[in-house]
Protein chains: 2
Amino acid sequence: MTSTGEPLLPRVVWLVLFDGFEELDLFGPVEVFGLSPKRFRLRFIAQSAGIVTAAHGAKVLADCGRDDAPPPDIVLVPGGAGSRVLAHDESFLNWLGGWASEAPVVASVCTGSALLAAAGLLDGYRATSNSRAFGWATGFGPKTQWAPGARWVADGNRWTSAGVSAGIDMTLALAAALCGPATAEEIASRMEYDWAAR
Amino acid sequence: MTSTGEPLLPRVVWLVLFDGFEELDLFGPVEVFGLSPKRFRLRFIAQSAGIVTAAHGAKVLADCGRDDAPPPDIVLVPGGAGSRVLAHDESFLNWLGGWASEAPVVASVCTGSALLAAAGLLDGYRATSNSRAFGWATGFGPKTQWAPGARWVADGNRWTSAGVSAGIDMTLALAAALCGPATAEEIASRMEYDWAAR
């Protein structure tokens, strides 16, 4: 319940799927959000509703296509080999830049920050990316203040992390920012996860 | 290439899906194996081929059903809320116990060890499970030497881990055992993961 006595509505997290997304970039954050179902509800969006094939072959169902998506609340974009293609896909970048620009929270993991940057969503913000792909990713964000070596960066409502497992740490910090540190600590405990960089 | 000059064939990892499996229990290990595609190939098996709904709502495609499965190489069983049901499902347990009993490697994450135990696959072995569900899980393995507090346990060809994120550490250790520590270190580095309990 809120302080006004109204029931607490879960926030909706939009997870952006594409062929070649890195499995743990997505499912680390999914686990963090998913362990607090009263606070967060998950939606999986792709170019069209249906099966998407991740970088290591897992096939995951998108329950919503781009054209059917309402204005989003929390947006999270993973990285992975597929981001190398999408970073040059004007149709995708125009959609992402328009759809996510007014979202209350815009987040990425790994080379997902190259997609945010290429869509103009990191202009004027501090951000980070996968350390092994840092030179490539940062080339898409000339107006971004890139932070090499950071495990994750929060600047205003833009949240970006380094590679793969760093998305877990960032999402725990995001959960702490949105719901308080006790909620994030409880999630980390249920994951038996030694939360880094808090 | 092997020392005899033959090409190195990837080992096949069978990931056992069921409704209510915990996302990170599965996708942590998927990421570890997936980052060494020359060494490991992934298959997703469920009661029947098709969509399985995980604990937090992700829908994942099983590419093989139980009746079509060849004798397995590496078997990995995740935990999650769905394991509470399956641990009493005689049909599933009989299938798992028969299918996996001769596999070269049998592994579980979190409460997946309750399923291995209930299927008789941990009789006489040391093993561990989710620390929060330890009492429940260990009730299924009266012939198992349970190791409370262990992040993961390897005993012969049986590999079991504590909850959720611990599956990443166990799978890195398994990759080290199968392929050498340099391979596991390279995978951990690519994940930007601070590998625990090595």
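User: Which strand does E10 of chain B pair with in the antiparallel sense, and over how many bridges?
Analyst: Strand E10 of chain B, residues 152–155, pairs that way with E11(B), over four bridges. This is a predicted model.

User: What sits between those two, and which turn residue has a positive phi?
Analyst: E10(B) and E11(B) make a hairpin with two residues between them. B:Gly156 in the turn has a positive phi of about 60°.

User: Which residue stands opposite B:Val153?
Analyst: B:Thr160 in E11(B). B:Ser108 also stands opposite B:Thr160. B:Ser108 belongs to strand E7 of chain B, and E7(B), residues 105–108, runs parallel to E11(B), joined to that strand by three bridges.

User: Which way do the E11(B) residues point, and are they buried or exposed?
Analyst: B:Arg158 and B:Thr160 point one way, B:Trp159 and B:Ser161 the other, and all are buried. As background, side chains in a regular strand alternate between the two faces of the sheet.

User: Staying with B:Ser108, is that one buried or exposed?
Analyst: B:Ser108 has 31 other C-beta atoms within 10 Å. The cut-off for buried is 20 or more, so B:Ser108 counts as buried.

User: What does B:Ser108 touch?
Analyst: Leaving out residues up to four places away in sequence, the contacts are B:Leu76, B:Val77, B:Ser113, B:Leu115, B:Leu116 and B:Thr160. As for B:Val75, 33 residues apart from B:Ser108 along the chain, the two C-alpha atoms are separated by 8.1 Å.

User: Zoom out. What is the strand order in the chain B sheet?
Analyst: The chain B sheet is open, with seven strands in the order E5-E2-E1-E6-E7-E11-E10 and mixed pairing. Its edge strands are E5 (64–65) and E10, each pairing on one side only. Further in, E1(B), residues 11–16, and E6(B), residues 74–77, pair in the parallel sense over three bridges. B:Trp14 stands opposite B:Val75 there.

User: And what is the order in chain A?
Analyst: In chain A the seven strands of the open sheet also run E5-E2-E1-E6-E7-E11-E10, with mixed pairing. E5 (64–65) and E10 (152–155) of chain A are at the edges with a single partner strand each, so one side of each has no neighbour in the sheet.

User: How do E6 and E7 of chain A pair?
Analyst: E6(A), residues 74–77, and E7(A), residues 105–108, are parallel, with four bridges. A:Leu76 is opposite A:Ala107 in that pair.

User: Switching to packing. Which residues have the most contacts inside the largest nonpolar core?
Analyst: A:Leu15, A:Leu17 and A:Val75, along with B:Leu15, B:Leu17 and B:Val75. That core has 140 residues.

User: What does A:Leu15 touch?
Analyst: Apart from residues up to four places away in sequence, A:Leu15 touches A:Leu26, A:Val30, A:Leu42, A:Arg43, A:Phe44, A:Ile45 and A:Leu76.

User: Now the interface. How many residues of each chain are in contact?
Analyst: The contact involves 30 residues of chain A and 30 of chain B. On the chain A side, helix H1 (23–34), strand E2 (40–46) and strand E4 (59–62) each supply at least two residues. H1(A) gives the most, seven residues. By type, the chain A side divides into 16 nonpolar, seven polar and seven charged.

User: Why say the copies meet through the same surface?
Analyst: Because 100% of the interface residues of chain A are also interface residues in chain B.

User: What rotation superposes chain A on chain B?
Analyst: A rotation of 180°, with 0.0 Å of shift along its axis and an RMSD of 0.0 Å. The two copies are therefore related as by a two-fold rotation axis. In chain A, the C-alpha nearest the axis belongs to A:Val60, 2.3 Å from it.

User: One more residue. Where is A:Arg84 found?
Analyst: A:Arg84 is in helix H2 of chain A, residues 83–86. A:Arg84 has 15 other C-beta atoms within 10 Å and is partly exposed. Its C-alpha and that of A:Gly20, 64 residues apart along the chain, are separated by 9.2 Å.

User: What ipTM and pTM does the predictor give the complex?
Analyst: An ipTM of 0.93 and a pTM of 0.94. For chain A, the mean pLDDT is 94, and 95% of the residues reach 70 or more.

Methods:
Residues numbered from 1 in each chain as written. Chains lettered and ligands numbered in written order. Predicted model: local features only at pLDDT ≥ 70, side-chain atom pairs only at ≥ 80, totals over all residues. Buried ≥ 20, exposed ≤ 12 C-beta atoms within 10 Å, placed from the backbone. Pairing = 2+ DSSP bridges. Contact = placed C-beta atoms within 7 Å. Nonpolar A, V, L, I, M, F, W, Y, C, P; charged D, E, K, R; others polar. Core = buried A, V, L, I, M, F, W, Y, C linked by C-beta atoms within 7 Å. Least-squares fit on C-alpha atoms with pLDDT ≥ 70 in both. pLDDT = per-residue confidence, 0-100.
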